[in-house]
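Here are a few friendly notes to read alongside the model. Please keep the viewer open as you go through them.

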There are 2 protein chains.
Amino acid sequence: MVVRGKGFTVQCLVTTQGEGVSRRMVKFAATLNRESIVDAIGVVFDPMIPIKGTTQQVELHVRKLYCVSKAMPTLPINVEDASRSDAEIEAALQRGVQLPRVNQDTRLNFRVIDIRTRANQGIFRIQSQVGTIFRQFLLSENFDEIQTPKLTPGSSEGGSAVFKLDYKGHPACLAQSPQLHKQMAICGDKNRVFVIGPVFRAEDSYTHRHLCEFTGLDVEMEIKKHYSEVMDIVDRLFVAIFDVLNERCQKELEAIGSQYPFKPLKYKPKTLRLTFEEGVQMLKDAGVEVDPLGDLNTEAERKLGQLVLERYDTEFYILHRYPLAARPFYTMPCYDNALYSNSFDVFIRGEEIISGGQRVHVPELLVERCQACGVDVNTISYYIDSFRYGAAPHGGFGAGLERVVMLFCALGNIRKASLFPRDPRRMVP
Amino acid sequence: MVVRGKGFTVQCLVTTQGEGVSRRMVKFAATLNRESIVDAIGVVFDPMIPIKGTTQQVELHVRKLYCVSKAMPTLPINVEDASRSDAEIEAALQRGVQLPRVNQDTRLNFRVIDIRTRANQGIFRIQSQVGTIFRQFLLSENFDEIQTPKLTPGSSEGGSAVFKLDYKGHPACLAQSPQLHKQMAICGDKNRVFVIGPVFRAEDSYTHRHLCEFTGLDVEMEIKKHYSEVMDIVDRLFVAIFDVLNERCQKELEAIGSQYPFKPLKYKPKTLRLTFEEGVQMLKDAGVEVDPLGDLNTEAERKLGQLVLERYDTEFYILHRYPLAARPFYTMPCYDNALYSNSFDVFIRGEEIISGGQRVHVPELLVERCQACGVDVNTISYYIDSFRYGAAPHGGFGAGLERVVMLFCALGNIRKASLFPRDPRRMVP
């Protein structure tokens with residue numbers, strides 16, 4: 001039998017196995033650095049005495065040993081050090097032992113080694129699963145996946161900063177979201193679509209929750225009667241994601257939790273919905289004054305998250321009917337009060353995770369809203385014209401894959417949920 | 001019952017339905033332009049006489065009619081015109097009738113209307129399905145989906161032109177493929193990964209098969225013994241894609257074929273593999289001389305496709321063991337002859353669709369290959385260093401989603417398989 005594995009493990013194996021192991025092999029095995037990769041050829045034995053402290057209940061008696069890939073003698077960081085929890089380091093310190101702590105930046109500099117830890121293997125398996133469940137759910141609800149261009153002539157969201165580039169002599173920018181093109185797909189008679197792909201934000205945000213490039217999970221759909229149809233999809237989709245993760249990824253969640261301890265997310269089978277006005281009132285009752293027609297800041301969102309948890313025992317809820325002034329130009333105003341809009345945000349553990357709502361499908365109103373929001377209609381005329389050919393009422397939402405993973409596992413830093421994160425200070429590796 | 005639909009259809013309905021339809025409603029219905037969207041409220045009837053020329057065997061007796069979205073009176077292109085096949089236009093011409101032909105560029109200018117045709121609805125349903133089958137197959141083979149950054153400090157492929165941009169004061173470029181980062185994920189102990197996402201090529205290619213932005217379908221995996229393991233995955237994966245499309249998308253394929261007639265792809269349950277040398281010999285026997293240590297040009301590829309079809313009765317095959325000089329710097333040379341490499345291309349209907357092979361996982365050899373190929377090792381040092389921490393032998397491949405759809409359906413132009421195509425002359429809509 002041939003087994004491929006890490007040299008260090010095999011080294012222990014060889015040096016402790018007597019029979020069939022030559023002196024030369026022992027000597028060779030001793031030269032194998034940590035993280036080297038070897039092929040061990042040997043005979044599988046059922047040990048007489050059960051092996052303790054391992055899940056493998058067979059032994060491999062090594063006959064031949066080949067080094068497939070030699071790691072450098074001293075690695076920039078050790079997997080063992082990178083795998084240690086803060087609690088272990090503290091406990092050792094209590095015993096007077098100072099263990100190395102690998103800080104976040106060093107981890108990212110040597111990400112290839114860092115992602116070998118059990119916790120990171122778990123995080124990226126979870127990330128893969130979130131994408132998979134997202135897709136499976138939407139496909140089963142008759143959504144089609146579409147691909148939208150990232151190279152665009154104008155900025156899609158107005159506000160936030162964009163990455164600019166030269167496109168064959170024309171000014172171009174990287175899409176901040178698939179917003180415009182997913183809506184155009186709806187105008188093209190695709191009833192229900194979703195997009196999974198990178199989105200780009202050139203914002204100078206140095207927070208725990210912002211990246212310059214992240215993976216957008218975007219949905220757009222026709223609305224028959226009310227924007228609550230979109231919230232229904234959000235509700236069932238995310239409850240499905242949480243349910244399946246909890247059911248299918250026990251091992252991964254345990255691996256993550258053993259290095260980065262966290263409490264399982266509290267959520268309900270049917271997601272709580274509050275109006276923005278109700279949220280503002282809850283904050284007011286708790287002594288927090290916010291602008292009833294403005295947006296909530298991060299602090300207010302966090303506070304409201306606490307209040308909701310206390311009153312409703314859930315860390316996942318929808319806040320809807322936002323003030324129009326707090327939303328992008330393409331948001332549909334409320335039918336009964338134009339100070340509000342048919343829109344919503346969704347929160348996990350007090351942090352915004354999803355933003356969505358009904359879109360303006362009436363070209364005249366859209367132009368008016370562009371002007372009110374200071375968006376240049378000329379750069380997006382191809383988008384506005386799309387609504388002149390007959391456009392069904394529609395809405396949708398967008399979430400960030402990395403944020404979903406970060407908040408579900410309470411990782412505290414979005415860089416932990418991105419394989420090779422990009423922020424204003426980091427574009428490498 | 002409420003039915004949402006296109007105004008024109010309902011207009012016919014109203015004007016031909018006597019009972020319950022007021023004169024005012026008929027007048028209103030007559031004002032509805034083509035492609036306007038209406039809600040019709042009415043009573044469903046089971047007609048006494050079966051309705052001819054339709055699949056719906058019920059009638060809706062309209063009582064109320066609302067216009068949900070009004071299309072402009074004269075659309076830039078009509079869906080009816082955009083839906084016509086060349087054969088229909090020719091046949092009409094034979095009868096002395098000149099029907100409008102919508103050319104490719106006009107279609108793309110008004111893509112939102114163009115994608116409403118039955119053929120286009122079919123094409124993009126097929127595109128969604130290819131992505132779905134690709135994922136499902138790989139997930140079932142223990143691959144994980146990963147997300148790789150598109151903003152990178154260097155060029156990933158060396159040769160072809162890249163889009164450059166400023167990243168917070170540092171020079172950056174858009175990834176031409178996820179090549180480097182998917183390999184780095186393998187170095188990070190992810191055994192098997194795939195990536196679905198946009199890739200960017202700033203090449204000035206004005207052909208039927210090049211785009212400046214397309215959707216990469218990328219795979220990378222550890223290799224145990226031989227690069228044929230990668231070809232095994234290609235073989236089973238793509239046969240699965242073709243099988244499932246043929247089985248699940250009959251309606252879509254028929255819709256596409258009725259506007260753009262094509263013959264079903266000929267492929268075998270087990271994909272034919274030829275070595276590059278065998279391919280060169282076949283060409284030579286047919287009187288076509290090619291450089292035995294260079295790459296095949298498009299014409300030679302097409303010719304070889306014909307020869308393979310004649311001899312082996314398949315339009316899908318793998319050509320492997322390419323000359324090293326024809327491959328990118330990261331390609332592993334053959335063990336027994338360094339003029340060749342552990343690499344392959346895959347062809348559909350005489351056109352290249354997939355490129356892959358084993359990668360160099362030995363850092364010293366990788367540096368040597370960079371130098372031989374004129375690639376600056378400094379811009380990709382983060383990548384080369386990844387192989388110094390112990391790296392398993394690995395390989396993979398990349399395909400273009402739009403090309404798969406174009407060639408499976410023999411569309412003849414890749415722009416037809418991209419929702420909003422980007423080429424050197426087009427960045428809008």
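1. Let's begin with one arginine in this predicted model. B:Arg426 touches A:Tyr167, B:Asp105, B:Leu108, B:Asn109 and B:Pro421, leaving aside residues up to four places away in sequence. One of these partners, A:Tyr167, belongs to chain A.

2. Where does B:Arg426 sit in chain B? You will find B:Arg426 in the segment after helix H15 (401–408). The side chain of B:Arg426 also reaches the backbone oxygen of B:Val428, at 2.8 Å.

3. Is B:Arg426 buried or exposed? B:Arg426 is buried because its relative accessible area is 8%, and buried means under 20%.

4. Now for the two copies. The same surface serves both copies, as 100% of the contact residues of chain A recur in chain B.

5. Chain A on its own has 15 helices and 14 strands. Its C-alpha trace spans about 85 × 55 × 40 Å along the principal axes. Of contacts in chain A between residues at least 6 apart in sequence, 70% join residues at least 24 apart.

6. Finally, burial and surface. Of the 429 residues in chain A, 58% are buried. Chain A exposes about 18300 Å², with carbon and sulfur atoms supplying 52% of that area. Chain A carries 53 positive and 52 negative charges, and their mean positions lie 8 Å apart.

Technical notes: Residues are numbered from 1 along each chain as its sequence is written. Chains are lettered from A and ligands numbered from 1 in the order in which they are written. This is a predicted model: local features need pLDDT of at least 70, side-chain atom pairs count only at pLDDT 80 or more; totals for chains, interfaces and linings use all residues. Side-chain values use heavy atoms; hydrogens and water are left out. Contact means heavy atoms within 4.5 Å. Helices (H or I, at least four residues) and strands (E, at least two) are DSSP runs, numbered from the N terminus. Buried means under 20% relative accessible area, exposed over 50%, partly exposed in between (1.4 Å probe, protein chains only). A polar contact is a pair of N or O atoms within 3.5 Å; within protein, one must be able to donate a hydrogen and the other to accept it, and residues adjacent in sequence count only if both atoms are side-chain atoms. Accessible areas come from the Shrake-Rupley method with a 1.4 Å probe; for residues, only the protein chains shown count as cover. Lys and Arg count as positive and Asp and Glu as negative; His and the chain ends are not counted. The place of a charge is taken as NZ of Lys, CZ of Arg, CG of Asp or CD of Glu.
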